[in-house]
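Biologist: I am new to this structure and would like to go through it by question and answer. Please show it to me before we start.

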Amino acid sequence: ILERLSFDRDITVKNFEITIRLLGGLLSGYEMTGDEELLRLADDLGTRLLPAFDSPTGMPYMFVNLKTGTVRGAKTNPAEIGTLLLEFGTLARHTGKQAYHDKARRALVELYRRRSSIGLVAEEIDVETGQWTSRTSHVGGGIDSYYEYLLKCSLLFGDGECGKMWKDSRRALRRYLADETRSGLWYGEADRVTGKRTASQFGALHAFLPGVLALGGDLRRAERLQASCYRMWMLHGVEPEILDYRTMQVVHAGYPLRPEIIESAFLLYRVTKDPQYLEMGRKFFEALLRTCRTDAGTTVLENVVTGEKGDLMPSYYLAETLKYLYLLFAPDETLDLDRVVFTTEAHPLRRSP
């Protein structure tokens, strides 16, 4: 990294993905090692990403060219808008360049301001007009980490306004998305404007929510939702990407080595010390060994019902899935959750004094 990594390249990248992976990784590495070269690289990358925020609303475009600053992708989603402040705020703290924090925070606030009258956001919004282009609301992919960062920004920076935005959003989710069924508590889909339920789907990406609820102090709901997530996993021995929780039928059968259910087990164990979460982790790990291991590494599953393997190991498998499994069974002193907050890509960042 120190000898060969350079961001001076004429390539267009996804602002969200490169922020959570590369910027977050460099900053976490800097905090752990004190190596100023890692901070220099993070600062250089942050500077190249800043043009993404130059929209009429302050919410970032989806794509930015690292050399020219050219942007595109006005239609984006809450996750890609609202999952930047942990990284950019930490970069501002270490460089003294307040613009990093302010631009990312403005994006988060502008998105929150555009929630509906009942408190929900939807799958897609235009950052130039500020108008929603979708009415579907849920806590899955494209929205998920927006809610995660509302809480985590309050924890990392002591930001009271972010804490209030999280609590307001949590109430809206509880009222309109939470769904009590015979199989347990789930969070489904609803219309952003009316709150009318539109689908009963829940999946691997949704499984981040029990951990966030636990961090936010809503422990009873966190435990119940994690029990539903575990039921989803055990249905076929590995969780599917999407499940219809009312019929308990698989909608999308792939398993791309997602970490979220393991992250939630880790956080719930740290909060409760209940050994059931260690047992969950053991089941998850044994399933990975049994169904996803190959001679060359660990691969995704094309179908959890048939066990058909794919031919891919995403980077987050190392950054998140295995890391959370390790931390679940490691001694508590390995990492103090009172001193760090994990980014959505599982990079630990130090809390503000």
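This is a predicted model: local features need pLDDT of at least 70, side-chain atom pairs count only at pLDDT 80 or more; totals for chains, interfaces and linings use all residues.

Biologist: At what angle do the axes of α6 and α7 cross?

Modeller: Two packed helices are described by the distance between their axes and by the angle between them. Helix α7 covers residues 160-176, and its axis comes within 7 Å of that of α6. The crossing is left-handed. The axes cross at roughly 145°.

Biologist: How many charged residues are in the contact of α6 with α7?

Modeller: On the α6 side the contact includes Y146, Y147 and L150, and on the α7 side it includes M165, W166 and L173. By class, the contact has 9 nonpolar and 3 polar residues, and the number of charged ones is none.

Biologist: Which strands stand at the edges of the open sheet of 3 strands?

Modeller: The order in this open sheet is β6-β9-β10, with antiparallel pairing. Strand β6 pairs with β9 (residues 189-191) over 2 bridges, and T136 stands opposite D191 in β9. An edge strand has a single partner, so one side of it is left without a neighbour in the sheet. That is the case for β6 (136-137) and β10 (197-199).

Biologist: How many residues join β7 to β8 in the hairpin?

Modeller: Strands β7 (residues 178-181) and β8 (residues 184-187) pair in the antiparallel sense over 4 bridges. T181 stands opposite G184 in β8. The hairpin joins β7 to β8 through 2 residues.

Biologist: Is K273 buried, partly exposed or exposed?

Modeller: K273 lies in the loop between α10 (260-272) and α11 (276-291). Most residues other than glycine have a negative phi. K273 is not a glycine, yet its phi is positive, at about 60°. Its relative accessibility is 39%, so K273 counts as partly exposed.

Biologist: Is A346 buried or exposed?

Modeller: A346 also has a positive phi, about 70°, although it is not a glycine. The loop that holds A346 runs between β18 (340-342) and β19 (348-350). Buried means under 20% relative accessible area. The relative accessibility of A346 is 0%, so this residue counts as buried.

Technical notes: Residues are numbered from 1 along each chain as its sequence is written. Side-chain values use heavy atoms; hydrogens and water are left out. Two strands pair if DSSP finds at least two bridges between them. Axes are lines fitted to C-alpha atoms, for helices over the stretch in contact, and angles run from 0 to 180 degrees between N-to-C directions. A crossing is left-handed if the near helix is turned anticlockwise from the far one by less than a right angle, and right-handed if clockwise. Contact means heavy atoms within 4.5 Å. Ala, Val, Leu, Ile, Met, Phe, Trp, Tyr, Cys and Pro count as nonpolar, Asp, Glu, Lys and Arg as charged, and the others, Gly among them, as polar. Buried means under 20% relative accessible area, exposed over 50%, partly exposed in between (1.4 Å probe, protein chains only).
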